[in-house]
Amino acid sequence: MPNHLNDLSGAVVVITGASSGFGRGVALKLAGEGAKTVLAARRGAALEALASQIAAAGGETVPVPADVSDPEDIARIAEAAIDRFGRIDVWINNAGIGALGLFWDVPIRDLARVVDVNLTGTIYGAHAALRQFRTQGFGTLINVGSIDSEVPVAYQSAYSATKAGVLSLSRGLNQELRLAGHDDIHVGVIMPWAVDTPWWTHAANYTGGTPRMAAMDDPELVVEAIVRACLNPQEEQTVGGKARASFVIHRLSPDLSERTTANIQHREVEKANGMAPTSGAIFEPMSGTTTIEGGIRERMKAEDEANRRSD
């Protein structure tokens, strides 16, 4: 898919969910490539600290405290980018939350919040980005989905539904752009496997145990894929071997794929150490979790070793 950008030096990139996980990693990587970044997340102090780190290394950036589920906040992000840099080359809809647990055990308020952030927030961001892209005649929208966009996962039903919505939205937008003749405006979806980021710590959790998932990928794999997509967007991009295999197997045998994935997740829930129900950080930001990696794999390894010793 041809792109108006030849390299990232000087490119103006908006990143939502920039205070931790993929967003933080992408912000630092893009700044290192010479891109100008607009950083959005709820945690203003964390954004300021990240912006200072980028500026100290010679990068240009604007932090914008914002909640993507608020359309006025989305408008402020776009305005900040235009006011400072005059255009937007790439908009990355990365902010996302989860609610873990059997669907009927998760409070309806938490389920609604997952939809508001993951799907409605993506719609708001896409709308702001595409209106600006149409005005300037070019741009790339990157929506961070999940392999759950294709393969629903037990104990994450609402999250899976929102990520399926992100994929469907992106497919529809690409067709509308084609019909409208916007050859220099692109929409791509990033679809990773489960990844070790603070997302798991931030998630609401009603499973009765610590959050777990088998064979988590390293966040650097996804960070690199998002950065590459800024220059070479693909309409649907699975990230990593496990995501690609899961995607293909689901297309060949959806029922078997869904049952197998559900069984894997169920076994992880059964192995988890006990944990009280929590809404995590889905309503209010959490402190002390501004890293790229979440430490989940290390914690799972320690839990498994302790359980083996106690058997």
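Below are my entries, in the order in which I looked things up.

**Ground rules**

I noted that this is a predicted model, where local features need pLDDT of at least 70, side-chain atom pairs count only at pLDDT 80 or more, and totals for chains, interfaces and linings use all residues. Residues are numbered from 1 along each chain as its sequence is written, and side-chain values use heavy atoms, with hydrogens and water left out.

**Overall fold**

I started with the secondary structure and found 10 helices and nine strands in the protein. These are DSSP runs numbered from the N terminus, with helices being H or I of at least four residues and strands being E of at least two.

Next I looked up the dimensions: the C-alpha trace spans about 60 × 45 × 35 Å along its principal axes. The radius of gyration is 19 Å, which agrees with the value near 19 Å for a compact globule of 311 residues. For the record, this radius is taken over C-alpha atoms, and the globule rule is 2.2 Å times the number of residues to the power 0.38.

Then I checked burial, and 54% of the 311 residues count as buried. The cut-offs are under 20% relative accessible area for buried, over 50% for exposed, and partly exposed in between, with a 1.4 Å probe and protein chains only. The protein exposes about 13300 Å², and carbon and sulfur atoms supply 52% of that area. These areas come from the Shrake-Rupley method with a 1.4 Å probe, and for residues only the protein chains shown count as cover.

I also wanted the contact picture (contact means heavy atoms within 4.5 Å). Among contacts between residues at least 6 apart in sequence, 75% join residues at least 24 apart.

**Empty space**

Rolling a probe the size of a water molecule over the atoms shows where empty space is left. On a 1 Å grid over the protein atoms alone, a cavity is a set of points where a 1.4 Å probe fits but cannot get out, a pocket is an open set with protein on both sides within 12 Å along at least five of seven lines, and lining residues have an atom within 4 Å of a point. Grid points are joined across faces, edges and corners, and a volume is the space filled by probe spheres set on the points.

How many cavities of 30 Å³ or more does the structure hold? I found three.

The largest cavity has about 760 Å³ of space. Of its 43 lining residues, Asn94, Ala95, Gly96, Ile97 and Trp199 are the closest to its centre. Helix 1 (21-32), strand 2 (36-41), helix 4, helix 5 and helix 6 (199-202) each give two or more residues to this lining, and helix 6 gives the most, with three. By class I noted 24 nonpolar, 13 polar and six charged residues. In this scheme Ala, Val, Leu, Ile, Met, Phe, Trp, Tyr, Cys and Pro are nonpolar, Asp, Glu, Lys and Arg are charged, and the others, Gly among them, are polar.

The second largest cavity has about 60 Å³ of space. Its lining includes Leu100, Trp200, Arg212 and Glu268, and helix 9 (residues 254-271) gives the most to it, with three residues. I wrote down five nonpolar, four polar and two charged residues there.

The largest pocket has about 200 Å³ of space. Helix 4 (108-136) gives the most to its lining, with six residues, and helix 5 (157-179) supplies at least two. Among the lining residues are His127, Arg131, Arg134 and Glu176.

**Single residues**

Which loop holds tyrosine 155? I found this tyrosine between strand 6 (139-144) and helix 5. Tyrosine 155 has a positive phi of about 70 degrees although it is not a glycine, and is buried, at 12% relative accessible area.

Aspartate 148 sits in the loop between strand 6 and helix 5 and is buried at 8% relative accessibility. Its contacts beyond four places in sequence are Val153, Gln156, Tyr159, Ser160 and Lys163.

Alanine 215 has a positive phi of about 55 degrees, in the loop between strand 8 (204-205) and helix 7 (219-231). Alanine 215 is partly exposed, at 47%.

My last stop was serine 246 in helix 8 (residues 241-252), buried at 10% relative accessible area. Beyond four places in sequence, serine 246 touches Ile147, Val151, Trp193 and Ser257.
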